[in-house]
Amino acid sequence: MSKPRKPKGRPISGWLILDKPVDFGSTEAVSKIKWLYKAQKAGHAGTLDPLASGMLPIALGDATKTVPYVMDGRKIYEFTVSWGEERATDDLEGEVTASSDKRPSEQQIRDILPRYIGTISQVPPQFSAIKISGERAYDLAREGETVEIPSREVDIFRLTLLACPDANSAHFEVECGKGTYVRALARDFGRELGCYGHVSGLRRTFVAPFPEEAMVPLADLVALEAIEDMDERLAALDALLIDTCEALSALPHLVINDDQAHRLKMGNPILVRGRDAPVAESEAYATARGRLIAIGEIGQGEFRPKRVFG
């Protein structure tokens with residue numbers, strides 16, 4: 001009987017909040033960070049297109065178990081819409097599919113924005129990760145197929161016109177919920193204004209719960225490769241990580257003792273006592289000595305683990 005294969009890399013856990021540069025794919029970024037940290041596993045919370053820059057939260061080790069909680073969080077983007085052309089990809093990469101000499105005034109732009117705030121119906125771009133009959137829409141689009149993508153509801157909490165630098169473009173900021181396509185916003189703005197439009201610049205500045213100042217430029221990480229001593233280099237990299245628990249800050253929190261932590265790690269429930277203890281929660285997390293032990297549910301006076309952390 002063969003022995004189980006030992007995972008390669010360090011069992012390092014935590015979040016690295018990368019400031020992703022333009023022309024660098026999200027998958028490529030995860031691979032680079034995993035290699036830099038010599039980590040056993042890594043993943044990201046929310047893809048950024050190669051033409052987009054900004055916040056890409058990357059989870060290492062056990063933090064990958066908390067990715068869904070970050071994926072569900074609010075996001076803030078700054079983006080530029082160029083008027084006069086609609087493109088196949090709704091950004092600079094695609095070929096022009098429609099054009100117009102018409103240009104909107106600043107007031108015309110402001111007048112349409114209230115209709116895009118709240119819970120709105122949005123059709124994702126043809127070049128998107130939406131699955132159609134089991135296949136990604138972007139794969140079908142690359143093969144020349146035009147597919148019918150159903151509309152879906154997305155949440156827009158705030159939408160602001162920041163500037164109109166010239167007649168051909170406008171700069172916006174949007175705070176939105178999970179699943180919102182900024183490229184689709186640009187497309188729909190252009191169609192409603194009768195001038196067509198596409199995203200020509202996109203930067204993500206916030207992914208809840210991580211603040212903008214938590215971002216680390218890729219160049220700063222690459223610069224640490226100059227440190228010849230591996231232990232010293234890894235220590236410098238590790239100092240940039242955010243604790244795994246930060247991804248769960250929106251959930252109720254239980255502080256437990258070592259005996260309770262042991263029970264949870266064995267998959268057993270623990271009693272929840274105390275005047276301030278939650279009565280019922282579909283999701284909460286427990287820590288012991290500042291370390292994340294488990295995510296679970298609270299009910300009938302018990303905390304029952306769903307996910308346990310090493």
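Guide: Welcome! A salt bridge is a side-chain nitrogen of Lys or Arg within 4 Å of a carboxyl oxygen of Asp or Glu. This is a predicted model, where local features need pLDDT of at least 70, side-chain atom pairs count only at pLDDT 80 or more, and totals for chains, interfaces and linings use all residues. Residues are numbered from 1 along each chain as its sequence is written, and side-chain values use heavy atoms, leaving out hydrogens and water.

Visitor: Which residue forms a salt bridge with D72?

Guide: Look for the closest N and O atoms of the pair, which are 3.0 Å apart. The partner of D72 is K178.

Visitor: How many salt bridges are there between domain 1 and domain 2?

Guide: The bounds come from an automatic or database domain assignment; domain 1 is 14-72 + 210-244 and domain 2 is 75-207. Between domain 1 and domain 2, the count of salt bridges is three.

Visitor: Which element gives the most residues to the side of domain 1 that touches domain 2?

Guide: Helices (H or I, at least four residues) and strands (E, at least two) are DSSP runs, numbered from the N terminus. On this side of domain 1, β3 (52-60) and α2 (67-71) each supply at least two residues. With six residues, the element that gives the most is β3.

Visitor: What area is buried between domain 1 and domain 2?

Guide: Buried area is the accessible area (1.4 Å probe) that two parts lose on being put together, summed over both. Carbon and sulfur atoms give 45% of it here. The total is about 1300 Å².
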